[in-house]
Amino acid sequence: MAVMAALAGCALAPPQSAPIGRVGNIIIGGGMVNCSSTLADPSRQCAAPWREILQSDPAFAGVREQDVLFGPVPARAFTYLVTPAALRAFDALPERLVARADKLRLAPALARQAGAGPLSAAQFSAVLAGADGPLLAAASEVFVERQAAGPRKRQLRSTAYAANADTAAIYRAFVAAAAAVSGKPRPTVGVVTASADNPYNDHDLNVSALRSAGAEVVWLPLDGGLRRALDAGDCAHLAIDYSAYAQVGSGRQYLHMDQIFPDLDARRRQACADQAAGLNRDLERIDGIFFSGGNQARHLDSLVGRHGPSVQLQILRRRHAAGQLVVAGSSAGDAVQAGGQWRGRAVPMIAGGESALTLATGLAVAGVPVEEGAERRGSYYPGGGLGLFPFGPLDSHFSQRGREGRLTRLAADSGMDYGFGVDENTALVVGRPGPDGGTMMGVLGEGGVWVVDLRVASADGAADGAFSVRGARIHYLHAGDTLHVDRQGALVVALAKGAADAPAAAPRGGQFNLAGLVDDMARRGTAGGRGTIGRFEVRVSRPAAGRMVRTARGRTSYSGLKMDILPCAQACAAM
């Protein structure tokens, strides 16, 4: 089934737009409105009660209500026992897991507990004298008492009964694109949850959503902890690697997940035991791969080891380049797709940051994974993400979190022509290169895709100081609009015929929200507007060739508007 036929009901490309053709990437800005069993009030996001969903959604055939987890994974209490055997095991841990100095520091306190009986988590923490991070993970996993494994309830997500039509359309578009690759009505797709602090916890929801969308699904047990174990050739300490890596950059403790998710842990252990041979076979046979939301640096860590790109990443890149694999991802799975080379320069990956401070201080090179919001200054990976989208950096949750400033600065500082920002519950759909070497892209979903075009812009500012850009061209596309990047790298936007082609008149100022500002320009027929991002003034104007079109949903698509971002003069305070 052709992809365009599969997506026709999603209004991806109306007759006046060029066809997307075979799909290579579906880049989702996060914020999908899912129908999940974990919701406190499912009635808002599910089209039916969960009892009915379990009876009617074919993805859940045979699943009983008592097998489903309605709410978060419940906490479990663990106890710890210091025995001579456990003390020897702790002392024998390799230096990569626990430094010798830490072992010597803890040895007296641990020895005093030998034979004292089980300790609660609080008591054991006191013995460790406030140890945290990798040391806490290692000690906890060595001295924990094993609990009997019982049946595990599943968290479920239904696409078939999602009340939000845009969310359902995006999932189905991915499955349809994978089906076009496979030639089968029910393709096989892989799911990667490595971006989560606790990847096991994100398994059920992502796998069930894609099953409900019509795919056969295989979970790929990739995560940064497994990558560390594979790099070290050490499968004996997988539980420690999982728990230690889960705390990197998050500060949260995810201990003993092997006991809480024994079925998933068995898959991960097998992946390590056979040196990822089974994982590689799965990567060779799937028709699509979906990267979940969380932290894009964690996705990167799962596929890039200390020796560079892993065999798994090489398979993924090869099959994607050959048109054998559709790549999709949401939020972190959006940003991590960026990478490769654009005009001889590495395409970077955004890591985090807030627009105002990023404009003022630049972007720092990122190190270990850091949670969004944990640092307000922008950070990035100059070598890029997975290298599956070479046209420029990608950003997510875009208009909702005001990320125009950070994306513009990243693109300018990195020498990129373009940057792409995807709104929540929205997807940028990227076609395969055509016979002419060009690539067509379209939009699916609730919001829009923002593109900053710096080909004729002039940018100024030290790498770690205040920034300005003049003459950037900006575009904002919704469902039905398309853009084309030709073999030479030139970008052309085609806006679908909308409710009205907005006229132009005099500029108007106001508090900055770029989508709102241009909407206001379109409604009032003004030729410009301005606002502020922190201590920066943003000026938007409509040249003669610029277009602003009101969509059927009452939003404004535009192309060819001019944007300047300048350090504020005193006049900023009056806006």
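Colleague: Is R186 buried, partly exposed or exposed?

Modeller: This is a predicted model, and in it R186 has 35% relative accessibility, so R186 counts as partly exposed.

Colleague: Which residue forms a salt bridge with R186?

Modeller: Start with the general idea. Side chains of opposite charge can pair when their charged atoms come close. Here the partner of R186 is E216, with the closest N and O atoms 2.9 Å apart. E216 sits in strand 5 (residues 216-219) and R186 in the loop between helix 7 and strand 4 (188-192), so the pair ties together parts 30 residues apart in sequence. E216 is partly exposed, at 40% relative accessibility.

Colleague: How many salt bridges are there in the whole structure?

Modeller: A search finds 28. Take D234 and R96: their closest N and O atoms are 2.9 Å apart. D234 lies in the loop between helix 9 and helix 10, and R96 in the loop between helix 3 (84-91) and helix 4 (100-113), so this pair ties together parts 138 residues apart in sequence. D234 is buried at 12% relative accessibility. R96 is partly exposed at 36%.

Colleague: Are R268 and D223 buried or exposed?

Modeller: Both are buried. They form a salt bridge, with the closest N and O atoms 2.7 Å apart. R268 lies in helix 12 and D223 in the loop between strand 5 and helix 9, so parts 45 residues apart in sequence are tied together. There is also a network: salt bridges that share partners join R152, R154, D204 and D263.

Colleague: How many disulfides does the structure hold?

Modeller: A disulfide is a covalent bond between the sulfur atoms of two cysteines. This structure holds 2. One joins C235 to C272, S to S 2.1 Å. The angle about its S-S bond is -90°, and the link is left-handed. C235 lies in the loop between helix 9 (224-232) and helix 10 (238-246) and C272 in helix 12 (residues 262-273), so the pair ties together parts 37 residues apart in sequence. C235 is partly exposed at 26% relative accessible area; C272 is buried at 0%.

Colleague: Which residues does the other disulfide join?

Modeller: C35 and C46, S to S 2.1 Å. That link is right-handed, with 105° about the S-S bond. C35 is buried, with a relative accessible area of 0%. C46 is buried too, at 6%.

Colleague: Which residues have the most contacts inside the largest nonpolar core?

Modeller: I26, F90, L110, F143 and L210, in a core of 61 residues. Helix 7 (residues 165-182) gives the most to this core, with 8 residues. F90 touches L110 and F143, among others.

Notes:
Residues are numbered from 1 along each chain as its sequence is written. This is a predicted model: local features need pLDDT of at least 70, side-chain atom pairs count only at pLDDT 80 or more; totals for chains, interfaces and linings use all residues. Side-chain values use heavy atoms; hydrogens and water are left out. A disulfide is a pair of cysteine sulfur atoms within 2.5 Å. Buried means under 20% relative accessible area, exposed over 50%, partly exposed in between (1.4 Å probe, protein chains only). Helices (H or I, at least four residues) and strands (E, at least two) are DSSP runs, numbered from the N terminus. A nonpolar core is a set of buried Ala, Val, Leu, Ile, Met, Phe, Trp, Tyr and Cys residues joined through side-chain atoms within 4.5 Å. Contact means heavy atoms within 4.5 Å. A salt bridge is a side-chain nitrogen of Lys or Arg within 4 Å of a carboxyl oxygen of Asp or Glu. Lists of a residue's contacts leave out its neighbours within four places in sequence.
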